[in-house]
Structure formats: C-alpha cells, structure tokens
Amino acid sequence: AKAKGRDNYQFFSDEMNIELTRQLAMEGELRQALQRNEFELYYQPQIDLTTNQLVGYEALIRWNHPEKGLVPPGEFIPVAEDSGLILPMGEWVLKTACEHIKLFNSTGLLPAHGHVAVNLSPRQFHDPNLVTVIRDLVTTADIPSQQLEIEITESLLMDNVESTIRTLEMLKDLGIILAIDDFGTGYSSLNYLKRLPIHVLKVDRSFVMDIPHDKDDVEITAAVIAMAHKLGLKVVAEGVEQLLQADFLKENSCDYAQGYYYGKPMSVDDLYKNIGHYEKW
Ligand code: C2E
Ligand code: CA
Ligand code: CA
Ligand code: CA
C-alpha cells in the first residue's frame with residue numbers, strides 16, 4: 001500500500017471507515033432486535049442413514065428485519081461475536097431451543113430421544129457462566145439433557161486446550177451431547193480429537209458437495225468416517241443435496257445426514273406443515 005502512494009492508502013482507509021460504520025450501525029440494530037424479539041429459530045432435519053428416520057434437528061438463527069426481511073446468520077453473527085452481543089443472543093437461542101424441545105416432545109415433532117443441536121460461538125463457549133446457564137435452561141424447560149446437542153467448531157480448540165476440555169467435560173457430565181462442527185476445515189490435530197470428550201463429528205459441506213465426482217473428497221470423507229468410528233464417534237454429513245451423495249454415505253457407514261436433499265431449515269410453522277413428509281425418508 002505504501003508504494004502505491006497516499007491516494008491509494010486513503011482509498012483503503014475510506015473503505016475501512018465504511019465497514020466500521022456499517023458494523024456499528026448493525027450492532028445498534030442487533031441490540032434493538034433482541035429487545036423487539038426479531039430473531040427466530042429455524043430447524044433443519046437430521047436423518048438416520050440406516051433407518052431413514054428423523055433423529056433430530058439443527059437449530060439455525062434467523063433475523064426478521066423490519067425492512068430488510070430475513071437476514072441470514074452469516075451477515076450478523078460475526079458482528080454479534082465482535083461486539084459481545086453474541087452472549088445475550090446465544091442465551092436466547094439456547095433458551096428458545098430448550099422450550100422448542102419441550103414443545104416438539106409433546107406434539108410429535110421429535111421422536112423419542114430425538115435431539116436439537118445448537119451452535120455455540122467461541123466467545124459463548126469461553127464464557128465462564130456457560131455451563132451454569134445451560135444447566136439452568138435445561139432444568140427450567142424440564143427436558144432430558146440428552147436431547148440438547150451443542151455444536152462447536154475446531155478453531156475454538158486452538159485457544160486453550162486444557163480449559164476447553166474442562167468445559168466439555170462439565171457439559172458432558174450434565175448429559176449434553178457434544179459435536180464438532182465443520183470438521184476438516186479447521187486446524188485441530190487428530191491428537192486433540194482423541195483427547196476431547198465429544199460424541200459427534202460433523203463432516204463439513206465442502207467435502208460432501210463434490211461427492212461422488214471428486215476422488216479426493218470421496219477418499220477423505222470415507223477416511224474421516226472410518227477414523228471417527230474407531231474413536232467411538234457418530235458422524236453427521238452436512239450439506240447432502242443429492243441422492244448419489246446419500247448413497248455414498250450409506251455405503252461408507254456414515255450415521256446421519258443433513259442437507260437440502262432431506263430438508264431445508266424451516267420455521268416451526270413449516271415443520272408442522274411438513275411433518276407428514278418425514279415418513280418417506
Ligand atoms: P453451520 O453451523 O455450518 O450451519 C449449516 C449451514 O449450511 C446453514 O446455513 C444451513 O442452512 C446450510 N445448509 C444446510 N444444508 C445445506 C445444503 O444442502 N446445501 C447448502 N448449500 N447449504 C446447506 P445458515 O443457516 O445460513 O447458517 C450459517 C452459519 O451461521 C452456520 O453454519 C453457523 O456457523 C452460524 N449460525 C447459525 N445459527 C447460529 C446460532 O444460533 N448461533 C451461532 N453462534 N451461530 C449460528
Ligand atoms: Ca452447525
Ligand atoms: Ca457446519
Ligand atoms: Ca459452516
């Protein structure tokens with residue numbers, strides 16, 4: 001930037017200014033959105049590949065913006081994470097998911113022992129109150145803790161392995177199911193994986209999407225499934241969009257699948273409208 005002279009530097013500075021202004025504006029809007037209850041949880045089905053039965057859902061946050069309409073999480077989660085707003089937002093997600101588990105249990109939207117998986121951001125995971133918050137929410141909602149699954153990403157494991165393991169142990173002791181999200185995209189070593197008290201590994205969509213055409217992805221996915229099973233973990237394949245991918249995953253003993261092939265994330269209203277379809281899986 002230096003060699004290109006002052007004008008160029010100024011250009012980047014303006015860009016950064018615009019970005020910062022945009023972030024600050026969104027931060028204010030997010031704060032308001034929390035108070036005004038503009039967030040909503042969508043639910044995407046997860047299917048047992050052996051029985052073709054619904055086993056649970058992943059909860060995915062949506063923002064019903066009064067002017068912009070439905071805003072996807074990729075646009076506001078990073079801002080919430082940077083500003084710390086992810087803590088109250090994340091607690092709302094956990095509380096709402098627990099209440100929905102209770103509701104789904106009583107209305108047949110979840111099978112017996114079915115689960116709802118909730119995404120936790122790194123900042124949330126490192127919050128010293130996390131375990132207490134989750135324990136209280138599960139108790140208040142009066143649901144079996146085994147029905148709540150927590151998804152964390154590999155990147156978070158790099159921060160402080162020892163404290164991460166301690167937190168995971170406490171959650172596991174509560175009976176919460178623990179999953180590693182986006183597996184294969186981060187930097188966690190297989191050595192850490194062995195030491196982590198987790199139950200589930202989610203193979204990232206980037207590996208699944210070019211199956212069966214991309215031979216590397218085929219080999220990697222087959223190897224990850226086999227390795228996970230040797231470590232005693234269940235495997236969820238993410239982003240399954242086609243029958244050929246589902247077939248490949250079945251042949252390679254993958255346990256569960258999630259993706260547009262089986263169902264998009266849906267509002268609770270749409271879950272009720274679509275419940276009849278689940279039998280055909
Ligand atoms: P993720 O946890 O990896 O969630 C899966 C994303 O893939 C979702 O995007 C989902 O809609 C999308 N997806 C599912 N199946 C398919 C498929 O077959 N094809 C394609 N192309 N996409 C598929 P979404 O809902 O936009 O969420 C994006 C990310 O935002 C999530 O990625 C997660 O990292 C984050 N996120 C969502 N909800 C929450 C939340 O409540 N808390 C936190 N901390 N993060 C969240
Ligand atoms: Ca996830
Ligand atoms: Ca994922
Ligand atoms: Ca992802």
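A polar contact is taken here as a pair of N or O atoms within 3.5 Å; within protein, one atom must be able to donate a hydrogen and the other to accept it, and residues adjacent in sequence count only if both atoms are side-chain atoms. By this criterion, the side chain of Gln44 places an N or O atom 3.0 Å from a nitrogen atom of ligand 1. The model is predicted: local features need pLDDT of at least 70, side-chain atom pairs count only at pLDDT 80 or more, and totals for chains, interfaces and linings use all residues. Residues are numbered from 1 along each chain as its sequence is written, chains are lettered from A and ligands numbered from 1 in the order in which they are written, and side-chain values use heavy atoms, with hydrogens and water left out.

A polar side-chain atom of Glu241 lies 2.5 Å from a nitrogen atom of ligand 1. Asp181 has a side-chain N or O atom 3.0 Å from an oxygen atom of ligand 1. Taken alone, ligand 1 exposes 800 Å², and the protein buries 80% of that (accessible areas from the Shrake-Rupley method with a 1.4 Å probe; for residues, only the protein chains shown count as cover).

The shell around ligand 1 holds 20 residues, each with a heavy atom within 4 Å of it. Gln44, Arg62, Asp181, Glu241 and Tyr260 come nearest. The shell divides into eight nonpolar, five polar and seven charged residues. Here Ala, Val, Leu, Ile, Met, Phe, Trp, Tyr, Cys and Pro count as nonpolar, Asp, Glu, Lys and Arg as charged, and the others, Gly among them, as polar. Strand β2 gives the largest share, four residues. Helices (H or I, at least four residues) and strands (E, at least two) are DSSP runs, numbered from the N terminus.

Donors are N, O and S atoms within 2.8 Å of the metal (3.2 Å for Na, K and Ca); water is not among the atoms, so sites may look incomplete. The calcium ion (ligand 2) is coordinated at 2.2 to 2.3 Å by Glu58 (OE), Asn119 (OD1), Glu151 (OE) and Asp181 (OD). The spacing of these donor residues in sequence is E-x60-N-x31-E-x29-D. Glu58 lies in strand β2 and Asn119 in strand β4 (residues 115-119), so the pair ties together parts that are 61 residues apart in sequence.

Asp181 also bridges to the calcium ion (ligand 3), which lies 3.8 Å from the calcium ion (ligand 2). The protein donors of the calcium ion (ligand 3) are Asp181 (OD), Asp182 (OD), Glu238 (OE) and Glu238 (OE), at 2.1 to 2.6 Å. Their spacing along the chain is D-D-x55-E. Asp182, found in strand β6, coordinates both the calcium ion (ligand 3) and the calcium ion (ligand 4), which are 3.6 Å apart.

The peptide bond from Ile211 to Pro212 is cis, with omega near 5 degrees. Pro212 is in the loop between α8 (205-208) and α9 (215-230). Asn37 is not a glycine, yet has a positive phi of about 60 degrees. Asn37 sits in the loop between α1 (6-35) and β1 (39-48).
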